[in-house]
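Subject: Structure handover

Hi,

Here is the structure I promised to pass on. Have a look at it first, then read on for what turned up.

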Amino acid sequence: MIVYILRRLGAGLVLVFIVTAITFFLTHAANIPVANNILGAGATQDQVAALNAKLGLDQPIIEQYINWLVGVLHGDLGISYFTSEPVASGIAARLPVTLSVVVVSLIFTLVLSVILGVAAASKRGPLDVVLQGIATLSFIFPAILLGIILVYVFAITLQIVPAVGYTSLAESPSGWFASIILPAIVLSIAGIASLAAQIRGSLIDELGRDYVRTLRSRGISDMSILLKHALRNASGPAFTTFSLLFISLFGSALFIEKIFALPGFGTYAYQATIQGDLPVMLGVTLFSVLLVVIVNLIVDLVSGWLNPKVRVS
Amino acid sequence: MKYTHGLRAAAAAAGAVLLLAGCSAPSSSPSSAAPQTLNLSIQAPPTNFTVGDWSGGDSTLFTSVYDSILKTNVKGEATPGIAESWSYSPDKLVLTLKIRTGQKFSDGEPVDAAAVVASLKQTMKEPSYSAQLATISDVTAPDATTAVITLKTPDASLLSKLGGVQGGVGAPKVLTAKSSSLDPVGSGPYTLDKSATTAGSVYTLKRNPGNWDASSYPFETVKIRVIQDPTASQNALKTGQLDFGGVNPDQVSQFPKSQFTTGTSLPQAVGAIWLADRDGKIVPALKDVRVRQAINMAVDRSSIATKLVAGAHGTEQLVSPTGAAYSADLDKTYPFDVDGAKKLMAEAGYADGFSVKMPSTVVSQAYDATIAQELGAIGIKVTYDTVPFQDFFAKVYGGTYGLYFMYNGFSGDDASDLNGSTSGAFNPYGTTTPELTELLAKANAAPADKQGAAFGAVNKYLVDQAWAAPILSSTGPWVTTSRIKYTPPVTPSLNLLPFGVAASN
């Protein structure tokens, strides 16, 4: 197992190297006038050249990349060209915001999709049709429209939650929850549909298998068969969908952060990309790839725990 | 085991619902009592706080943490700042500043003439401001309470600049230190509360009771959020999370008078087609004044101002309608007249028109189609290059375009507006004429009581010579929570002086 984990981590590091290298070279190919952007309209060519030299942008591209890699190996992700903030601090300050929204959104998604999926698979008939309809509706309903409606009702009209901004958990737990509840609901809406459909489909398959008939013949209750046996066996594919959802939600956080003016990871990445803030772009790319690698590793390990066949393969 | 997981998840969800039910309303509800905190927003975060490195746009944060040599009040007038008084030599080439005593930077060091000199010299070196302060030849401090600025040529906009970002004074010991980029050491009415600040997202200011003018700043705390999305800003305003914001005219009715105060800003900027290539290097036709005048006549200002931009007014001038240099008569120089414009084009030898490339930026997009259509009506075929805003000035300075649409913000005084319109990004090719040079020199050297007329002459010359094709000057409604008293300033987004506590609190 340890060898397996180390092998996966090694492959992950290679992936990090490749993706950050591609990001680095593509950004350079875009030829963004970073120094002009920083200095503004009044800059002369000499001043632009001086700033390029100060930022190291006048060095050969390979040398710039090696310098960045060496910095990373020493735990230094560089400093933002545009806010002068160390990139590591910038990520650390914004990550809790996005993680708060994503994790709470995942909890909503998990709870609601399990309820919908299990109810649809076990009851079938009209309830299945209705629940599938709800799931489909949540899939096609524009999340941005839902966000606007929720803000209008709960923030502007009822004023029980703030319309924008983030309160840290340490500052005020209730303020924290109030600041992320609407974004989390909006973010979870599409995920509920896909995960509920996955759970429903897998569960229907499991409930049709021989071992379920055997268990029934032994007098085990339907509820016990459903939750103790069938749901566990059906949870493998659903868990994979769930993990992909985590990564997808993390990527989707940008639009939700813009609607609710949350100072999160998505906005940080977006702003850096628009401005050509290379240290931040590389930092967020590095972190995002690491996140994907770690989440995938966890998924593989948990899938193995849920289903011994996966472990063997 | 699975039951346990499921129950925990269900319990977490139930707890969440209960927690939500227990959530109190946002702490800054519009109906609260006398405010201790002023909540504002900016669209883009500052690059850094180092003196001379402050990026353009909203200057509120900078002027809050750094006191400036002079101040600009809401009427746009230069008033005492770190310098409690000032005087010009008769030839207006030497400005002597008397520095206020007893002031301290947030690190405890005294604010003196040496600090003023060090800060101004630093700002003069930096690319963002070097062109604006190019008239200064030297700055000295004969003693601790006197600073002397020597000019190459008279500059009527100097006092205005010293009352803005260019006049910011920081502690000499850390003036250019790396730490100053996020940890400013100034003597302004506020200090940056680093513990409650996340660079790029939220900036929190704490009142500095030791500032000589602390009584002009009634709020203990000022929280400035970076909110890029206008809808999010308006939502925050409606819920009282923000105390001030600009809105569109059709949105004013969404803010009930019981909770909000509304008004209209003073003119904020002029939107113009800048006919920059007046020497005809890229677009030879622009060298001919008749072509430039024809462009002015081809633009239907009234239609653009009323149909494309809420709260705008058509204008043919580059100065603010509130300034002394503005003349209502000059707005009748180039009435919309396509046939007249065609005639001028023919006289200039361009009866068949010509083709030009213009940059299309986020600023110009709303006008691009109309401008292309109206110039097309007199034979000027416009094609657009899509240019990211951050690349715009680099391309303009690089000589890519002969003309372009852009806004120029009004600075609060005619001298700054006209000196700005004839230099920098609005005159990237450095074009001028002997007449303009002479008019500007006379206006900059004129006594204060005659500057309005002198800059009025500059303004008339620019209109007659069709220096640009101004289209509209923008104003717009503003909204504040009823706890706040807002006085619309001549120079918006410069400092916190327009914000006070409403009398009802």
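Before the sheets, one convention: two strands are taken to pair if DSSP finds at least two bridges between them. Also keep in mind that this is a predicted model.

**Chain B, four-stranded sheet**

With that convention, chain B has an open sheet of 4 strands, in the order β14-β18-β13-β17, with antiparallel pairing. The edges are β14 (312-314) and β17 (404-409) of chain B; each has a single partner strand, so one side of each is left without a neighbour in the sheet. From one strand to the next, the twist averages 25°.

Which residue of β17(B) is the bridge partner of B:Gly271? That would be B:Tyr407.

**Chain B, three-stranded sheet**

There is also an open sheet of 3 strands in chain B, ordered β11-β19-β12, and its pairing is antiparallel. Here β11 (244-246) and β12 (260-264) of chain B are the edge strands, each pairing on one side only. Direction ignored, neighbouring strands of this sheet are turned by 20° against each other on average.

Strand β19 (residues 477-481) of chain B pairs with β11(B) over 3 bridges, in the antiparallel sense. With β12(B), β19(B) makes an antiparallel pairing over 5 bridges. A detail I liked is B:Thr480 in β19(B): B:Thr480 is the bridge partner of B:Phe244, and B:Thr480 is also the bridge partner of B:Thr261.

**Chain B, two backbone angles to look at**

B:Lys92 has a phi near 60°, which is a positive value in a residue other than glycine. B:Lys92 sits in the loop between β4 (83-88) and β5 (94-99) of chain B. Is B:Lys92 buried or partly exposed? Partly exposed, with 18 other C-beta atoms within 10 Å; the cut-off for buried is 20 or more.

B:Ser493 likewise has a positive phi near 60° and is a residue other than glycine. You will find B:Ser493 in the loop between β20 (484-486) and β21 (499-501) of chain B. B:Ser493 counts as partly exposed, because it has 15 C-beta neighbours inside 10 Å.

**Chain A, overall**

Now to the other chain. Chain A has 13 helices and 0 strands. Its C-alpha atoms fill a box of roughly 85 × 55 × 35 Å, taken along the principal axes. Chain A has 313 residues, and 42% of them count as buried. Taking the contacts in chain A between residues at least 6 apart in sequence, 71% join residues at least 24 apart.

**Chain A, around A:Trp68**

One of those helices is α4 (residues 61-73) of chain A, and A:Trp68 lies in it. α4(A) has 13 residues and reaches 19 Å from its first C-alpha to its last, close to the 18 Å expected at 1.5 Å a residue. Just after α4(A) comes A:Gly75, with a positive phi of about 80°.

Why does A:Trp68 count as buried? Because it has 22 C-beta neighbours inside 10 Å, where 20 or more is the cut-off. Leaving aside neighbours within four places in sequence, A:Trp68 is in contact with A:Gly78 and A:Leu282. A:Pro279 is 211 residues from A:Trp68 in sequence, yet the two are 8.3 Å apart in space, C-alpha to C-alpha.

**Chain A, a helix pair**

Last item: helix α5 (residues 87-123) and helix α10 (residues 222-259) of chain A pack at an angle of about 145°, with their axes 9 Å apart. The crossing of α5(A) past α10(A) is right-handed. On the α5(A) side, the residues that meet α10(A) include A:Val101, A:Val102, A:Leu106 and A:Leu110. Those in α10(A) include A:Phe242, A:Leu245, A:Phe246, A:Leu249 and A:Phe250. The residues of this contact divide into 14 nonpolar, 4 polar and no charged.

Cheers

Terms used
Residues are numbered from 1 along each chain as its sequence is written. Chains are lettered from A and ligands numbered from 1 in the order in which they are written. This is a predicted model: local features need pLDDT of at least 70, side-chain atom pairs count only at pLDDT 80 or more; totals for chains, interfaces and linings use all residues. Helices (H or I, at least four residues) and strands (E, at least two) are DSSP runs, numbered from the N terminus. Axes are lines fitted to C-alpha atoms, for helices over the stretch in contact, and angles run from 0 to 180 degrees between N-to-C directions. A residue is buried if 20 or more other C-beta atoms lie within 10 Å of its own, exposed if 12 or fewer, and partly exposed in between; C-beta atoms are placed from the backbone. Two residues are in contact if their C-beta atoms, placed from the backbone, lie within 7 Å. A crossing is left-handed if the near helix is turned anticlockwise from the far one by less than a right angle, and right-handed if clockwise. Ala, Val, Leu, Ile, Met, Phe, Trp, Tyr, Cys and Pro count as nonpolar, Asp, Glu, Lys and Arg as charged, and the others, Gly among them, as polar. The expected span of a helix is 1.5 Å times one less than its number of residues.
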